[in-house]
Amino acid sequence: MTHAMLKGSNVPLRTTTVRAVLRWAPGQGVPVVDASALLLGPDGRVRSDEDFVFYNQPRHPSGKVWLLGKKRMAEGPTDTIQTDLAGVEADVSQILLVASADGASFDRVQGLRILLYDATVAEGEPLAYFDIKPETGQETALICGELYRRGEGWKFRALGEGYLNGLQGLATDYGISVDESEGLDSPAAPDGLATTVVPPSPATQQASEISQPLPPEQPTVVPAQPAYGYPQQPAAATAQPAYGYPPAVSTLPDPDFRLPPQGPQFIGR
């Protein structure tokens with residue numbers, strides 16, 4: 001029998017291996033939802049950063065809590081966490097099951113639901129499910145529910161508590177040390193779960209074009225004209241001298257240079 005749960009209600013778990021499936025409705029522009037888990041000690045905080053199971057650390061060092069990854073199902077896309085409750089360390093008192101939407105708020109996510117299955121039963125019906133409804137819609141991370149010890153067994157409690165500062169803010173509240181320079185960047189969505197890319201508006205595109213650097217200026221070449229009555233300066237070795245003026249004298253005199261024979265007009269009288 002499947003339990004339809006309300007916020008704050010709980011249900012005992014009769015299985016040793018629980019598969020928690022986050023599922024949401026597909027649609028245009030719907031962000032990808034990421035599942036994660038935090039293992040908490042009796043003080044309600046993680047024992048170390050290793051107690052955070054998420055997309056950049058998909059398996060707990062104990063091997064008892066791990067991500068199974070995203071799938072495209074007929075009912076909608078999913079992300080799944082599996083837990084071997086029988087093998088969870090004794091000083092772990094509860095496991096938070098979290099949903100986050102990187103860079104987006106949950107008012108864009110419709111039909112968010114967490115379903116709990118007995119992982120030892122193939123194709124079995126869910127043990128329980130909880131429809132998560134954000135209070136404001138501006139939340140970017142949600143604690144969907146928690147697995148917690150009760151005596152010798154475990155229970156699941158439906159929560160639906162929201163955070164406005166995303167997965168990073170939620171993790172920090174429970175004792176995770178987050179490097180501000182790196183953050184908790186969500187990985188690229190797998191095939192079939194990519195978010196919609198919105199093309200830039202005409203105004204944005206125009207601003208982008210204006211901000212592009214101009215090409216380097218090319219010098220304008222204007223051929224120099226000699227001043228009237230003065231010779232033009234030679235531009236190269238092959239340049240011809242101006243009419244009526246001898247060519248420029250080279251640095252070294254020509255050893256074969258000889259004066260021409262003088263005519264009678266130069267003979268002294």
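**A cavity and a sheet in a predicted model**

Guide: The largest cavity holds about 50 Å³ of space. This is a predicted model, in which local features need pLDDT of at least 70, side-chain atom pairs count only at pLDDT 80 or more, and totals for chains, interfaces and linings use all residues. Residues are numbered from 1 along each chain as its sequence is written, and side-chain values use heavy atoms, without hydrogens and water.

Visitor: Why is this space called a cavity?

Guide: On a 1 Å grid over the protein atoms alone, a cavity is a set of points where a 1.4 Å probe fits but cannot get out. The volume is the space filled by probe spheres set on the points, which are joined across faces, edges and corners. By this rule there is one cavity of 30 Å³ or more.

Visitor: What makes a residue part of the lining?

Guide: A lining residue has an atom within 4 Å of a point. Those of the largest cavity include Ala20, Ser36, Asp79 and Ile114. Strands S3 (17–23), S4 (34–40), S7 (77–84) and S8 (94–100) each give two or more residues to this lining; strands (E, at least two residues) are DSSP runs, numbered from the N terminus.

Visitor: How do you know that S3 and S7 pair?

Guide: Two strands pair if DSSP finds at least two bridges between them. S3 and S7 have seven bridges, in the antiparallel sense, and therefore count as paired. Arg23 stands opposite Thr78 in S7.

Visitor: What makes S1 and S6 edge strands?

Guide: The open sheet has six strands in the order S1-S10-S9-S3-S7-S6, with mixed pairing. Strands S1 (3–5) and S6 (65–72) each have a single partner strand, so one side of each is left without a neighbour in the sheet.

Methods. 1 Å grid on protein atoms, 1.4 Å probe; cavity = no way out; pocket = protein on both sides within 12 Å on 5 of 7 lines; lining within 4 Å. Helix = DSSP H or I, 4+ residues; strand = E, 2+ residues; numbered from the N terminus.
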